[in-house]
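Thanks for coming, everyone. Please have a look at the sequence and the structure before I start.

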Amino acid sequence: MLKTYKLEQFRANEQILYLPSGWNPEKNELPKTAILGTNRQSIACKRHPNGRNVIGISTALARSLNLPKKVTALSLFMKEDSIYLGVLIGVFTAGFTNFKLSPVGERSYFFRKLLSVQSSLGVIPFVFGEKHIDWENGLVTGYFHFGEGWEVETVPFPNVIYDRLPNRRSENRKTYKEIKERLQREYGIPWYNPGFFNKLDLFERLESVDSVSQYLPETHAFQSFEEIERMLSLYHSVYIKPRNGSLGNGIHKLTYDRQAQDYYCRFRDPGGKNRLVRFSSLERLMNSIFKNRSLDSFLVQQGISLLSEDSRPIDFRVHTNKDEEGRWHVSAIAGKVSGIGSVTSHANNGGVVKSLKELFPNTSSKTEAEQSLKDAALKLSHAIEQNMEGYIGEIGFDLGIDEDGRVWMFEANSKPGRAIFSHPHLRSFDKLTRKLALSFGVFLSQQALQHPEEMMP
């Protein structure tokens, strides 16, 4: 991991950089060029004159590099005769407002927390969108947060871009795709966590991977009523889900009562009310519940008899992140207990977040469940990374454990929600996931520096 040093500016009209006394590059030669993002400047470089273990930068050099005024810590790394001042990480998103206190609307709080870990990593993260790019001058007007409020600074194009677009609609816009391609191809800037996963496409790619196929419930595109009948006879229940849904919206659970020969459908109606309705045939159920909807946009998934608490099924949100060395870690695990009468465990439908300790008071049971979930999440992370396009640095899994202790994957999210971190026992994991999200940016920037030809899309 790159070491971080305190940064101090001093007044001088020359382009001067003082190196910390404790910083020892592999070569003893002093650098001749300083680089921040895509900006570079010839410098006079010396060891700190007072023997202090801090970075000293002249005000003239800071201006030339477009270094934000309130940056107080940076990491250092060299390539040949150039020294790189930290990693400039652009967090790309949409939905900007004209309000100074909340420039990205309701998501401003999340971005403020994301940027708050910058000094401990020696990185310089900022938030920007398509309208903030100055192509002619190679500059970006970015939103920064140094702990006292949002500030706007003009900086060079970043070393790496972290994709935090809020929804599929914004990522499907033609201008987004053009911006991403141009920054990658013309400037060699790695772009990580691009794209929301398509649920069906993901399952189809993973089902032939031997290391993870055991975690996948049977999942198909909607084909026919006969196919649903077959799956109901095998599994007793099936889920019908939108291929590109989120937050549990549009999910229906179908159950067949063999004794009464009735079909039941549990779902959440447009008014937010949980409903359970009965039909005498599957055809009547489908024609009623899915009237005027295109069934081609849905998938059908095997139902699983999960561990439960007070007859309410439990699933688990497991976050994985890559670190500054490019290695996968499980960064958070939480249980989610379904709401009463709910088809999902989402908080907006009555679901409750619980720690593993709350769900498994028995220590050995907790340890066994935790290890099973970690093993599955890490194997799935490697498989997804190898079978999906782009640089993937974080994944949020919805996993379940059945009554026999087997782990199942229901969904994987490339831009996972953060509702579980409202739980008081999970707040430390909230910070860890934010640090790792930016640490992966450090890894990619180093890779682009050392192996640029391998990073081109």
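Predicted model: local features only at pLDDT ≥ 70, side-chain atom pairs only at ≥ 80, totals over all residues.

Rolling a probe the size of a water molecule over the atoms shows where empty space is left. The second largest pocket holds about 760 Å³ of space. Its lining is made up of 37 residues. Which of them are the closest to the centre? They are Tyr239, Lys253, Leu306, Pro313 and Val343.

Now the elements around that pocket. Those that give two or more residues to the lining are β17 (237–242), β18 (252–257), β19 (262–268), β23 (312–322) and β27 (407–413). Which element gives the largest share? That is β23, with four residues.

Next, the rings. A pair of aromatic rings is described by the distance of the centres and the angle of the planes. The count here comes to 21 aromatic pairs. Take Phe77 and Tyr84. Their ring centres are 5.2 Å apart, with 5° between the planes, and the pair is stacked. Phe77 and Tyr84 are both buried.

Compare that with Phe290 and Phe298. Why is this pair edge-to-face? The ring centres of Phe290 and Phe298 lie 5.4 Å apart, and the planes stand at 80°; over 60 degrees counts as edge-to-face. Phe290 is buried, and Phe298 is buried too.

Rings also gather in a group. One aromatic cluster is formed by Phe92, Phe126, Phe128, Phe144, Phe146, Tyr176 and Trp191.

Some rings have a charged residue over the face. Arg182 lies over Trp135, at 4.0 Å from the ring centre. Lys415 lies over Phe196, at 4.8 Å from the ring centre.

Last stop: helix α7, residues 225–235. Which residues are buried there? Glu227, Ile228, Met231 and Leu232 are. Look down the axis of α7. The buried residues fall within an arc of 135°, so they line one face of the helix. An α-helix has 3.6 residues a turn, so residues three or four places apart point the same way. What about the other side of α7? There, Glu226 and Leu234 are exposed.

Over to you for questions.

Definitions and conventions. Residues numbered from 1 in each chain as written. Heavy atoms only, no water. 1 Å grid on protein atoms, 1.4 Å probe; cavity = no way out; pocket = protein on both sides within 12 Å on 5 of 7 lines; lining within 4 Å. Points joined across faces, edges and corners; volume = space filled by probe spheres on them. Phe/Tyr/Trp six-rings, centres within 6.5 Å; stacked < 30°, edge-to-face > 60°. Buried < 20%, exposed > 50% of the residue type's maximum accessible area, 1.4 Å probe, protein only. Lys NZ or Arg CZ within 6 Å of the ring centre and 35° of its normal. Arc of directions from axis to C-beta.
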